[in-house]
Amino acid sequence: MPTEPTWPELGTQIAAPTPDEMRRNLGHFASGVTVVTGLDADGPVGFTCQSFASVSLAPPLILFCADHRGRAWPRIQESGRFTVNVLHESQTDVCMRFGSSRGEKFDGLDWERSPWATPSLPGVLMRVHADVQSVHAAGDHDIVIGRVLGLESVSDERPLVFFRGGFGLGAVPRPVRG
C-alpha cells in the first residue's frame, strides 16, 4: 500500500533556491528567443527576452517579462508601444547584440519602422506589435501585458531555442557561477 507524501512541518525552515539554482534548473525548460523593441524621442531601443507568451485570444493579449534594471525597458514603457521580434535559429548574433549591456544595439543593423511606429528587425520568424496595457511588478522584473495591434509572419525558418544555458536543444549545461 503506497504511503502518502510527507510535507515539511509548519515552522520548518527550507532555504529558497538561489539565483544560480533557479537559472540552472529552470534552464531545463526550453524557450524561444525574442527581441522586444520600441522607439522614443532618443531613437530605437530593444532587449533580448525569453519570457514571452500568449495570454488571451479575445481580446488579443501577450506578455513578456522585463528586468527592472534594464535601460531599454523604461524607455519602451514610457513610449507605450512595442514589437516582439521572434528570432530564428540563425539569429544568435541578433540575440547576443540585444542581450549585451554594451554597445549601441541598432548600430549597423538594417531595421525598418513598422506601421505601428516601432522597430521591426529584419528576417525574423514573426512580429507581434502591441500597446502596453498593464505592468505588474514581480520581484526584480515587470510582467508586461500587451494588447496586440498586429501580427506579421515573416519567415518559415526554425525558431532560435534557448535550453540549458545555450542555443538549440542539444545545448550542454553551463557550469554554475559562484
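This is a quick talk about the salt bridges in this structure.

Okay, hi everyone. One thing to keep in mind from the start: we're looking at a predicted model. So, how many salt bridges does the structure hold? The count is seven, and I'll walk you through some of them.

Let's start with Asp20 and Arg23. Their closest N and O atoms sit 3.0 Å apart, and they form a salt bridge. Both residues belong to helix 1, which covers residues 19-26, and they're three residues apart, or about one turn of the helix. Asp20 is partly exposed, at 22% relative accessible area, and Arg23 is partly exposed too, at 45%.

Next up, Asp40 and Arg75. Here the N to O distance is 2.8 Å. Where do Asp40 and Arg75 lie? Asp40 is in strand 2, residues 34-40, while Arg75 is in helix 2, residues 72-79, so this pair ties together parts that are 35 residues apart in sequence. Asp40 comes out partly exposed at 23% relative accessibility, and Arg75 is partly exposed at 25%.

Now for Glu89 and Arg158, another salt bridge, with the closest N and O atoms 3.1 Å apart. This one links distant parts of the chain, 69 residues apart. Glu89 is in the loop between strand 6 and helix 3, and Arg158 is in the loop between strand 10 and strand 11. And are they buried or exposed? Arg158 is exposed, at 56% relative accessibility, whereas Glu89 is partly exposed at 35%.

Methods
Residues numbered from 1 in each chain as written. Predicted model: local features only at pLDDT ≥ 70, side-chain atom pairs only at ≥ 80, totals over all residues. Heavy atoms only, no water. Salt bridge = Lys/Arg side-chain N within 4 Å of Asp/Glu carboxyl O. Helix = DSSP H or I, 4+ residues; strand = E, 2+ residues; numbered from the N terminus. Buried < 20%, exposed > 50% of the residue type's maximum accessible area, 1.4 Å probe, protein only.
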